[in-house]
Amino acid sequence: MVKWFLAFLSPLLIFVLLGLAWIIFSLSPLTVYKVKKLGQEFTYIITETGPWTSLDPLQGDSTQNLPIQRMIYATPLEISQSNQLVSSVLESFSYDLSSKRMTWRVKRHLEFDDGEPLTTEDVAFSVLRMAYKRPEFPVIESIQGLQEWLAQEFPLQSWPSGITVDGQQIEISFDQDVKAPLFRFSLELFSIIPKRCVDLKTSRLLCERPPASGHYRLLKEEPRRFTFEKRGGPKVEGREVPPILIFEYRSPDQIPLEPLLSEPRTVVAGAEFHYSEEALQSLKDSHDIRFMPAARFLALLLNPRVQPFSSRNCRRAFARAFRGAYSRLRFGIEGAAEGSIFTKILPGYLSIEELSKGSNLASGSSEECLEVSPGQEISWAYVKGEAPDLYIESLRVAAQEVGLPLASPQVVENRKELGTLFAEGGTSIMPGSSGFWAHDPAGDLRMLFTPNLHAALSDLGRDVRLQQMVKEVEQRENGFREVNQYLFDEAVFNVYAYVRRFYLAGQGGQIGEPPFALVLPAPWQVFQAQ
């Protein structure tokens, strides 16, 4: 009887154990991913830049870091799909003009991805760390008591007199009125990470990977492919968003568009400067495409500490030759390139003709570079997969025009490497791009040239005259024009084209209407998930 019972129990026990194992396995994160993967994966193909290089919010303004930081980190404020200021961490926020005081009330029961509480201090600390590292940043520079606080040995261990944290409430007081103060705190530079993840003496990160505070968490990493899972429910601002969102990084010439875009849940994020006019027209004719406003510009950076560009006249000659080559190669005509840091939709725009006429300096002849450095090779560098043929060919033509040979390029892995190389004098030429928000171009101008923000712009951060002009740009009658003219004349930062970002899907694809108030929308905002 006992033997019969044990014989019966053994297969029953095995069956029960297998059942329990299946239940446990089916609840594991890996299996949750596999279940969700069926019919719920959305793919976001990034072509403008390579994978991220830092998860430190202080590096959140770099093009390669923007998409991932927006995915995994919350900021105090965000821009909604309908172009409004909203917040996932604040239950209320306001700015009182009469008292010059901003008030935030933080939601209760918030958590980071590791299960630890997200506190009011964590939210306020996102402001404090920026104030410590970049005190001349727009809005930050006007916080009361900032300079006295910075004079302490370890400022991050206390708060400036203008920042108070009490229970769920944060108050930030300014010593002067500031323009669009709430908007600035929607930038990735103010991403919220745990205060415990930062060394309060040095501001360095103590956590190799700070836990997520945003709408998504990083689920899986593969070479040039990253999988994110939605946190805290299926919606953002009441709108369905992709439950699983995959980033794939490809250069524009690596994309076989038709096979990719036959999948309705795939969107390609691109920039028009990678394509000829004919190729762009072909994309428009055969795909569903959404263009962002032409608020971005391309710039050629010439290093004033490296020969031959230590000569201003040589810089001016090369910049003029490059713009001419770009205009002929892209548009087939002369004079179609740009030179103004303010695009046509912003105040202060000046055409190339106006900038040339407005200069009191010699235009710089093609012989200028030869006189400075006869036979000198022009060093240059770019990020692997990120230099369009049009840019490279324009460089070659410009070098021929000024009579100096173009050296073999240095090819680096990411933009952080490139910026460091340029800042340390390792190359004389670097491509750049940026964009201004139409609501506050003066603030964006100050932000771009904030000292200690971008390594490649360190010379401009130290340019006393430029910094003063930027600071007073709205107070001076012709402030915007004066900044434009100065940058054009110095020829260190040479704008040459205005471009648009775009989002591309196959006909019938699930592409949404991205908010136009942002230069770069959040990745989930470009999809129509339902």
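**Strand pairing in two open sheets**

Q: Which residue of strand 18 is the bridge partner of A299?
A: G432 is the partner of A299. The model is predicted, with local features taken at pLDDT of at least 70, side-chain atom pairs at pLDDT 80 or more, and totals for chains, interfaces and linings over all residues. Residues are numbered from 1 along each chain as its sequence is written, and side-chain values use heavy atoms, without hydrogens and water.

Q: What makes strand 15 and strand 18 a pair?
A: Pairing needs at least two DSSP bridges. Strand 15 (residues 296-302) and strand 18 have 7, in the antiparallel sense, so they count as paired. Strands here are DSSP E runs of at least two residues, and helices are H or I runs of at least four, both numbered from the N terminus.

Q: Why are strand 18 and strand 19 called edge strands?
A: The order is 18-15-19 in an open, antiparallel sheet of 3 strands. Strand 18 (429-435) and strand 19 (493-499) each pair on one side only. The twist from one strand to the next averages 25°.

Q: What lies across strand 15, strand 18 and strand 19?
A: Helix 9 (residues 312-331) does, at about 15° to strand 19. That angle is between N-to-C directions, on a 0 to 180 degrees scale, with axes fitted to C-alpha atoms, for helices over the stretch in contact. Contact means heavy atoms within 4.5 Å.

Q: How do you know that strand 1 and strand 13 pair?
A: Strand 1 (residues 41-46) and strand 13 (residues 266-271) run parallel and share 4 bridges. I46 has A269 as its bridge partner in strand 13.

Q: In what order do the 7 strands of the mixed sheet run?
A: The order is 8-9-12-1-13-20-14, and this sheet is open. Its edges are strand 8 (216-222) and strand 14 (288-291).
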